[in-house]
Amino acid sequence: DIPIWRMIATPVAHLAMRATTIVAHLPAPWQVQETQSTIGGGALPGETLPSWALVCPHATPDLLATRFRHYQVPIIGRVQSDAFWLDMRTIAPSDDMLVRDAITQICAQPPS
């Protein structure tokens, strides 16, 4: 019942399937890429797990990160290699539709 243990225990194939399902409904240039999730500090400092992410190569990935943080339900991603990344291991399956809708709305906004 503890969310972090549920995230850690999620099979990587399940993350890939969810990411592929979401990206099939998104506009270009969103894509699915393999990544590594950092588990965090405490008992597991520096440990990583394989994962999959929704990735948007973008001229201003920091702008996307800001828009997602300020969305009606904040969505936290990361900026890496000139792209905005949403790690599927950090998204609850019940939030997949919320994330898909957020991406659609945020990408429809004009650049600022």
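## Terms and basis

Helices (H or I, at least four residues) and strands (E, at least two) are DSSP runs, numbered from the N terminus. By this scheme, Ser-81 is placed in the loop between β3 and β4.

This is a predicted model, in which local features need pLDDT of at least 70 and side-chain atom pairs count only at pLDDT 80 or more, while totals for chains, interfaces and linings use all residues. Residues are numbered from 1 along each chain as its sequence is written, and side-chain values use heavy atoms, with hydrogens and water left out.

## Strand pairing

Two strands are said to pair if DSSP finds at least two bridges between them. Strand β1 (residues 31–40) pairs with β2 in the antiparallel sense, over 9 bridges. Within this pairing, Gln-33 stands opposite Ala-53 in β2. Strand β2 also runs antiparallel to β4, joined by 5 bridges. Here Leu-54 faces Leu-86 of β4, and Ala-53 stands opposite Asp-87 of β4.

Strand β3 (residues 78–80) is antiparallel to β4 as well, with 3 bridges joining them. The bridge partner of Val-79 in β4 is Phe-84. Together β3 and β4 form a hairpin with 2 residues between them.

How many of the residues of β4 are buried? The count is 5 of 5, where buried means under 20% relative accessible area, exposed over 50%, and partly exposed in between (1.4 Å probe, protein chains only). In a regular strand the side chains alternate between the two faces of the sheet. In β4, Ala-83, Trp-85 and Asp-87 lie on one side and Phe-84 and Leu-86 on the other, and both faces are covered.

A nonpolar core is a set of buried Ala, Val, Leu, Ile, Met, Phe, Trp, Tyr and Cys residues joined through side-chain atoms within 4.5 Å. The largest one here has 21 residues, and Trp-30, Leu-54, Phe-68, Leu-86 and Ile-103 touch the most other members. Two or more residues come from each of α2 (12–23), β2 (47–57), α3 (61–69), β4 (83–87) and α4 (96–108). Contact means heavy atoms within 4.5 Å. Apart from its neighbours within four places in sequence, Leu-86 is in contact with residues including Trp-30, Trp-52, Leu-54, Phe-68, Ile-75, Val-99 and Ile-103. In soluble globular proteins, nonpolar side chains tend to be buried together.

A salt bridge is a side-chain nitrogen of Lys or Arg within 4 Å of a carboxyl oxygen of Asp or Glu. The structure holds 1 salt bridge. It is formed by Arg-18 and Asp-96, whose closest N and O atoms are 2.7 Å apart. Arg-18 lies in helix α2 and Asp-96 in helix α4, so the pair ties together parts that are 78 residues apart in sequence.

Are these two residues buried or exposed? Arg-18 is buried, at 6% relative accessible area, and Asp-96 is buried at 13%. Leaving aside its neighbours within four places in sequence, Asp-96 is in contact with Arg-18, Ile-22, Met-88 and Ile-91.

Patches are made of residues with over 30% relative accessible area and no salt bridge; like charges are joined within 9 Å and nonpolar side chains (Val, Leu, Ile, Met, Phe, Trp, Tyr) within 5 Å. Ile-2, Ile-4 and Trp-5 form a nonpolar patch on the surface, with about 320 Å² of accessible area together (Shrake-Rupley method, 1.4 Å probe; for residues, only the protein chains shown count as cover).

Ile-4 is found in helix α1 (residues 3–9) and is partly exposed, with a relative accessible area of 39%. Ile-8 is also in helix α1, and at 21% it counts as partly exposed. The C-alpha atoms of Ile-8 and Thr-20 are separated by 20 Å, the two residues being 12 apart along the chain.

## Backbone angles

Most residues other than glycine have a negative phi, and most peptide bonds are trans. The peptide bond from Ala-28 to Pro-29 is cis, with omega near 10°. Pro-29 lies in the loop between α2 and β1.

Ser-81 has a positive phi, near 50°, and is exposed, with a relative accessible area of 64%. Asp-82 has a positive phi near 55°. Asp-82 is placed in the loop between β3 and β4 and counts as exposed at 64% relative accessibility.
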